Amino acid sequence: MYQLEGWFLWFIMFWVLVLIGLFAIGGFFMFRKFLKKLPKNDGKSDMDWEEYYVNETRHLWPDDQKALLEDLVSPVPELFRDVARHKIAGKIGELALKEKADIINQELVIRGYILATPKRDHKFLRKRLAEKQISTAPYETLF
């Protein structure tokens, strides 16, 4: 019977550790998605509500606000950009429906972006709004 020794043993050990790490990372993200898909007390999951808000407010989006949202999600890696855009649009749609807005305006887009994104993304938002000469003063309580 052969025994593993030398460089081949270390090569196999390295790949075992890499595969375990990759499976752990993939499993973590799949589990997070699974949790978001679980129904809550009202019978709908977070993802179901997100989809509902996007579909209900699709006709309220003017082209300039779509462009603003696209500009705000531009730093997100392209692989995840669609998911981020959809999540933020869902939060904006939720705000628009709660406030019975006739059209989605710049103020709704910025508030929805702040509420839908983690705090680490707010630094970029402040920088981007400063470039566009939009004051962040009305939104300080949300930051």
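Mentor: A helix here is a DSSP run of H or I with at least four residues, numbered from the N terminus. In this predicted model, K100 is found in the loop between α4 and α5.

Trainee: Why is K100 called exposed?
Mentor: Exposed means over 50% relative accessible area. K100 has 69%, so K100 counts as exposed.

Trainee: Which residues make up the patch of positive charge on the surface?
Mentor: The patch gathers R32, K33, K36, K87 and R120. Lys and Arg count as positive, and members of a patch have over 30% relative accessible area and no salt bridge, with like charges joined within 9 Å. Helix α1 (residues 7-37) supplies the largest share, three residues.

Trainee: How do you know that R120 is exposed, and where does it lie?
Mentor: R120 has 70% relative accessibility, and the cut-off is over 50%, so R120 is exposed. R120 lies in the loop between α5 (106-116) and α6 (122-131).

Trainee: What makes a set of residues a nonpolar core?
Mentor: Its members are buried nonpolar residues joined through side-chain atoms within 4.5 Å, and buried means under 20% relative accessible area. The largest such core has 25 residues, of which I92 and I104 touch the most other members. Two or more residues come from each of α3 (63-72), α4 (78-98), α5 and α6. The largest share, six residues, belongs to α5.

Notes:
Residues are numbered from 1 along each chain as its sequence is written. This is a predicted model: local features need pLDDT of at least 70, side-chain atom pairs count only at pLDDT 80 or more; totals for chains, interfaces and linings use all residues. Side-chain values use heavy atoms; hydrogens and water are left out. Patches are made of residues with over 30% relative accessible area and no salt bridge: like charges are joined within 9 Å, nonpolar side chains (Val, Leu, Ile, Met, Phe, Trp, Tyr) within 5 Å. Accessible areas come from the Shrake-Rupley method with a 1.4 Å probe; for residues, only the protein chains shown count as cover. A salt bridge is a side-chain nitrogen of Lys or Arg within 4 Å of a carboxyl oxygen of Asp or Glu. The place of a charge is taken as NZ of Lys, CZ of Arg, CG of Asp or CD of Glu. Buried means under 20% relative accessible area, exposed over 50%, partly exposed in between (1.4 Å probe, protein chains only).
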